Amino acid sequence: MSDTSHEPSASSAESTPASGTPADVRRFASARRRSLLGALFLMATSAIGPGFITQTATFTQQLGAAFAFGILASILLDLAVQMNVWRMITLTGKRASVLANEALPGSGYLLAVLIVFGGLIFNIGNTAGAGLGLNALFGLDPRIGGAISAAIAIAIFLAKRAGAVVDRVVIVAGLVMIVLTVIVAILSDPPVGDALKQTVLPDTIDFATITTIVGGTVGGYITYAGAHKLLDSGTTGPEHIAEVNRAAVNGILVTGIMRYVLFLAILGVVASGVVLDVAGNPAADAFSAAAGETGLRIFGAVFWIAAITSIIGSAYTSVSFLPVFSARITGRTADLWTVGFIVVSLAVYLAVGTAPATLLVFVGGVNGLILPIGLTLFMYIGWFRGSLLGKARYPRWLLVVGTLATVVTWYMAVNAVGPIFDLLSV
């Protein structure tokens, strides 16, 4: 982002506190906290976008309390993925595509193409979600709402210090989204006992559902969003690994709690006998049933916040892969590419004929299919190209956990290809 040059670099992280004035130290500490929180919430809000909300409503209607197992699976896989990816990227100080190219020549280009493709599909869904959110909140035509939301995201990236603005926007928006969802979860009065039981002992296990929800929460660009944001803030090298681990774990905890609370809010409605319109806007139906007209407005606010932050995260992270093709795509140039990415996403959304809710479920599935490819590259680096990660020994237990996650995501992806693409015919 364009403000990267103004952020503390990895080297300044050591010198600024020791040599600066007290005011410099305070500014440095504030910038460091903001960058870590920004990375945490960028990952969290990207993982809890409009796609995930729609997927949760759709699958809770289909599976009931058994969908809790899918939530648990997504959290565990999220933990295995993010702990490895964040650690490897920040240890080396290199973006995922660059690191992949060094480990296996050409693989970084493939990864970049897949991430940008998946991110574009995701951002079309995010734009659709923003339109649905403003429709529920103000009654606007979804296409007009999508255009307004895209314009707001563009304005953020055109700001003089885009990176700092993004940090503040995603932190505040994420907190507001959590509070509003908790309110609805309390009002819907879900069967918590049954949900907890089926979290570990589900009546039904659906691979297409789990692959889609994993894709919508950690697949595609989401895997790399927080790690690349940390690189832009200068949080790299082994001296920062402890704070990187804390940020990754805290981000996963935030997203895990939010996912489960959202699931409980919708489960309470479904358990009461309400049938959600999965072909329309099932999450809006759930919030309305839980809290009437106020619930619909809360849904609009939550959905729009989830969408606008996901538009920001998807566009930023996808463009962060492009420097592997041209070193000139950095700083202000990268911001302009990001604006172009958002414009293309909006144009495709306005032209596409697929129903927004169906599109939001489908894009999660596509990113779930992309996920195991990137994971395989990173596990190859960990096991066979450890020299790229520095002199310190990489934790073997982390590689074992990451490898198990890779095997699981490949198995789920292979079994879910057909059902995911069948969504387009719904």
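**Helix packing and a pocket**

Author: Val81, Gln82, Val85, Trp86, Ile89 and Thr90 of H4 are in contact (heavy atoms within 4.5 Å) with Ile222, Thr223, Tyr224, Gly226, Ala227, His228, Leu230 and Leu231 of H11. By class, this contact of H4 with H11 holds nine nonpolar, five polar and no charged residues, where Ala, Val, Leu, Ile, Met, Phe, Trp, Tyr, Cys and Pro count as nonpolar, Asp, Glu, Lys and Arg as charged, and the others, Gly among them, as polar. This is a predicted model, in which local features need pLDDT of at least 70, side-chain atom pairs count only at pLDDT 80 or more, and totals for chains, interfaces and linings use all residues. Residues are numbered from 1 along each chain as its sequence is written, and side-chain values use heavy atoms, leaving out hydrogens and water.

Reader: At what angle do H4 and H11 pack?
Author: Helix H4 (residues 67-92) and helix H11 (residues 222-232) pack at about 30°, with their axes 9 Å apart. H4 is therefore roughly parallel to H11, a term for angles under 35 degrees.

Reader: Switching topic, which residues line the second largest pocket?
Author: Its lining consists of Phe69, Leu72, Ala73, Leu76, Leu77, Ile205, Phe207, Ile210, Val408 and Met412, where lining residues have an atom within 4 Å of a point on a 1 Å grid.

Reader: And which helix gives the most to that lining?
Author: H4 does, with five residues, while H4, helix H10 (207-217) and helix H16 (396-422) each supply at least two.

Reader: What classes are those lining residues?
Author: The lining of the second largest pocket has 10 nonpolar, no polar and no charged residues.

Methods. Axes are lines fitted to C-alpha atoms, for helices over the stretch in contact, and angles run from 0 to 180 degrees between N-to-C directions. Helices (H or I, at least four residues) and strands (E, at least two) are DSSP runs, numbered from the N terminus. Angles under 35 degrees count as roughly parallel, over 145 as roughly antiparallel, 65 to 115 as roughly perpendicular and the rest as oblique. On a 1 Å grid over the protein atoms alone, a cavity is a set of points where a 1.4 Å probe fits but cannot get out, and a pocket is an open set with protein on both sides within 12 Å along at least five of seven lines; lining residues have an atom within 4 Å of a point.
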